[in-house]
Amino acid sequence: MASALAVDSGPPGFTDPPAPPPTTPRTVKEALSSPYREKWLAAMRKEFRNLFDFGVMIETDFRDDDEIVLNSVWAFKVKSNGTFRARLAACGYGAGKMPVADVFTPTVHNNTLMLLFALTSIHKAELRSFDVESAFMHGKLAGRRNKYVMRIPAGYERLSSTTRYLRLIGSINGLKEASQIWEELLRKHLTSLGFKPTPADPCLYVKHFPDGTWILMPIYVDDGLVSFTCDVAVYEKFAADLTALLDGRIKWGPADEFLQMDILQSSDRSTVSVSMESYIRSALATLDSDGKLKTYSTAAEGDILKRMSTDTSRVLTPSEKSEYLHAVGMLGYIRKLRCDIEYATSLVASRVQAPTAYDAQCVNRIFGYLKGSASIGRTFNGDPVLRGFSDADFGNAPDGRSYSGHVVMLGGSAIVARTRKQSVATTATADSELLALGALVRSMDETLVTLGNLGVNVQTPVELYCDNSATVLAATTLSARKSRHLANQAAYVREHTLSSRSMRVNLIGTKHNLADFFTKALGRDDFLRFRSQLMEGRPVSPHALAPHMTRK
C-alpha cells in the first residue's frame, strides 16, 4: 500500500517506499497519525453506522438526573484477513459497583465441550459453527437498573450543533451488564425455537425430535457450535429461523475453529480431532521468536517436585515475573485441551506468587514440549465406553500434601482430566487415594447428570478404577476401616457405589491406571503410552468391561 503522505516523484525508476505493515494502535491519536489513517477512519465510521442502525444510541442535548455519564474508548484491530476493525466501548466502570446478579453471565464449560465432541463421534453427528455479529448491540436497556448517556466519542460527527451526549438505548461493549443482556435475549430466541438449556450447564442447549434425533448447541458469548443428528433440512430451517430473529446478523459455517481450537471431522463423521496447533504456534512466535527453544519429549523432568522444594535460584525481577505470568496464563488456556501438560502446568501455576529462575526454566520446558508436539490434540473415535480412573501421589508435595489426579473417558478420549493438590494432609496412602476417588466420583456424577439432561442413557454401574486395594475396600464395603476425618468422604463414595449402584470401583494395576499420568512426572516411555491412550484414541485395557452408551 502506498504511503498516505504526498511525495515528489523521483528520478526514473524511483518508486514510493511501501508503508510499514499495519500495527494495532492503542489510541485514536495513534490510529489517525499512522499511514493508515483513512482505513481507521473508515472503520470508525462503520462502527458508528452499526450503532445507529441497531438503535443503540441517539443524540441528546441534556441528561436526566438519574442517568449515569460514561466515557468511551476505542479498540482497534487488524484482522488476519487484512480488515481494519474499530470497536467503540463504554467505560462501564463509571457505573460503580453493581450486584453480581446484574452482571454475571455463564459460558459453556470446557468439560461440556469435550462431552459434545465425544457424543458427536459416537452418534456420527454433523458439526457446524456460528458467530453472531455485534452481539451485544442486539440487547436493549429498557427495564434495567441503570440508565446511561455517553460523552461524545472521539471521531464522532454531530448531527446537531447542540448535541452534548449520546443516550444509550441499547447495549454496547463495555457495559457491565452487556453480556447478561445478550445472554437473556439469545435464551429467549432459542427457547422460542423449542430449545431448552440443560440444568447441568445452562450454556448447552438441546432440542429433541420425535424420531429420536437431536440438536445440541454449546454457547460461548456470541460464538457457538451446532451438533445435530437430524436431517440437514431440519437444521437449515432452524438456522434460517434463528438468523431471522437476529436480523440476519449471524454467520454460519463449518466447524473448523472454535475458541482457538482447530476442529477436524472425518468424512464419515466417526472421528472428531481437536487440537490447538494454531494457538500454540502463535504463542511460540512470541516466546520463541529466535527459534532457539529446545524441544522435549515430556512436559516435565522427573525430579521437578524435589527440585522445586529445594529451589534456591534467584527470584524473578518484576518484568520477568510479568512475562512468567503471561506464559503461565497461556499454558492455563492450552491445558483445557492438552491434558498432557495438566500436571506440569499445575506445578508452575502454583508458583506465581514468587517465581524463580528454575520455575521459568520449567515453563520453558513445557513450551519446548509443545513446540515438538503442537499438532497433538484429543481424538474422539466413537468408542461408546464411559469409565473413570483416579490416583494420588502420597505426600509428595513440598508441604507434605498429596497430589490427586482423575480422568473420565468417553468417545476414546479424555473428557475430564484434572490434577489438584489435596486440601488436607493425610497420614496414609489409602486416605489420599480415597480423596482422589471422591473427586472422580463427583466428576463422574456431573457427567452422568449432563448425559441425563441430554436424554442419553448409561448402562450402570459405570466402571471406576483405582490402584489401591484399601481404597477399593473402603468403597465397596460398609465394614472397612477408615480414618475418622475421612468418614464423610468414604460415605460419599459408598453412596454412589453401594446405595445408588450407579458406579462400581475396581482394582487396577498402576501400569494401566491412566490417572497416574496426572499425579507425577513420568519417564518418556510411560508418558507417551499414557498420552496415546488418553488423547490419541489408543485402546485401553482395563480389568473389567465398562458399560456402553445407549439412547433412551
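## A buried pair: Arg167 and Glu67

Arg167 and Glu67 are both buried (buried means under 20% relative accessible area, exposed over 50%, and partly exposed in between, with a 1.4 Å probe and protein chains only). Their side chains meet in a salt bridge, at 2.7 Å from N to O (a salt bridge is a side-chain nitrogen of Lys or Arg within 4 Å of a carboxyl oxygen of Asp or Glu). The two residues come from distant parts of the chain, 100 residues apart: Arg167 is in strand E7 (residues 165–168) and Glu67 in strand E2 (residues 67–70). Helices (H or I, at least four residues) and strands (E, at least two) are DSSP runs, numbered from the N terminus.

## Basis of the model

This is a predicted model, in which local features need pLDDT of at least 70 and side-chain atom pairs count only at pLDDT 80 or more, while totals for chains, interfaces and linings use all residues. Residues are numbered from 1 along each chain as its sequence is written, and side-chain values use heavy atoms, with hydrogens and water left out.

## Other salt bridges

The structure holds 28 salt bridges. One of them joins the side chains of Glu126 and Arg269, at 3.9 Å from N to O. Glu126 lies in strand E5 (residues 126–132) and Arg269 in the loop between strand E14 (261–265) and strand E15 (272–275), so this pair ties together parts that are 143 residues apart in sequence. Glu126 counts as buried, at 15% relative accessibility, whereas Arg269, at 31%, counts as partly exposed. Arg128 joins Glu126 and Arg269 in a network of salt bridges.

Another salt bridge is formed by the side chains of Arg37 and Glu38, at 3.8 Å from N to O. Arg37 has a relative accessibility of 37% and counts as partly exposed.

## Helices H9 and H10

Two packed helices are described by the angle between their axes and the distance between the axes. For helix H9 (residues 318–334) and helix H10 (residues 342–349), the axes come within 10 Å and cross at roughly 150 degrees. Axes are lines fitted to C-alpha atoms, for helices over the stretch in contact, and angles run from 0 to 180 degrees between N-to-C directions. H9 and H10 are therefore roughly antiparallel to each other (angles under 35 degrees count as roughly parallel, over 145 as roughly antiparallel, 65 to 115 as roughly perpendicular and the rest as oblique).

On the H9 side, the contact is made by Tyr324, Val328, Leu331 and Gly332, and on the H10 side by Thr345, Val348 and Ala349 (contact means heavy atoms within 4.5 Å). By class, this contact has five nonpolar, two polar and no charged residues. Ala, Val, Leu, Ile, Met, Phe, Trp, Tyr, Cys and Pro count as nonpolar, Asp, Glu, Lys and Arg as charged, and the others, Gly among them, as polar.

Ser502 is found in the loop between helix H14 (487–499) and strand E22 (503–507). Its relative accessible area is 15%, so Ser502 is buried. Not counting residues up to four places away in sequence, Ser502 touches Thr460, Pro461, Val462 and His496.

The peptide bond from Thr460 to Pro461 is cis, with omega near 5 degrees. Pro461 is in the loop between strand E20 (456–458) and strand E21 (462–466).

## Positive phi values

Val221 is not a glycine, yet has a positive phi of about 60 degrees. Val221 sits in the loop between strand E10 (214–220) and strand E11 (223–228).

Asp247 has a positive phi as well, near 55 degrees. The loop between helix H6 (232–245) and strand E12 (250–254) holds Asp247, which counts as exposed at 59% relative accessibility.
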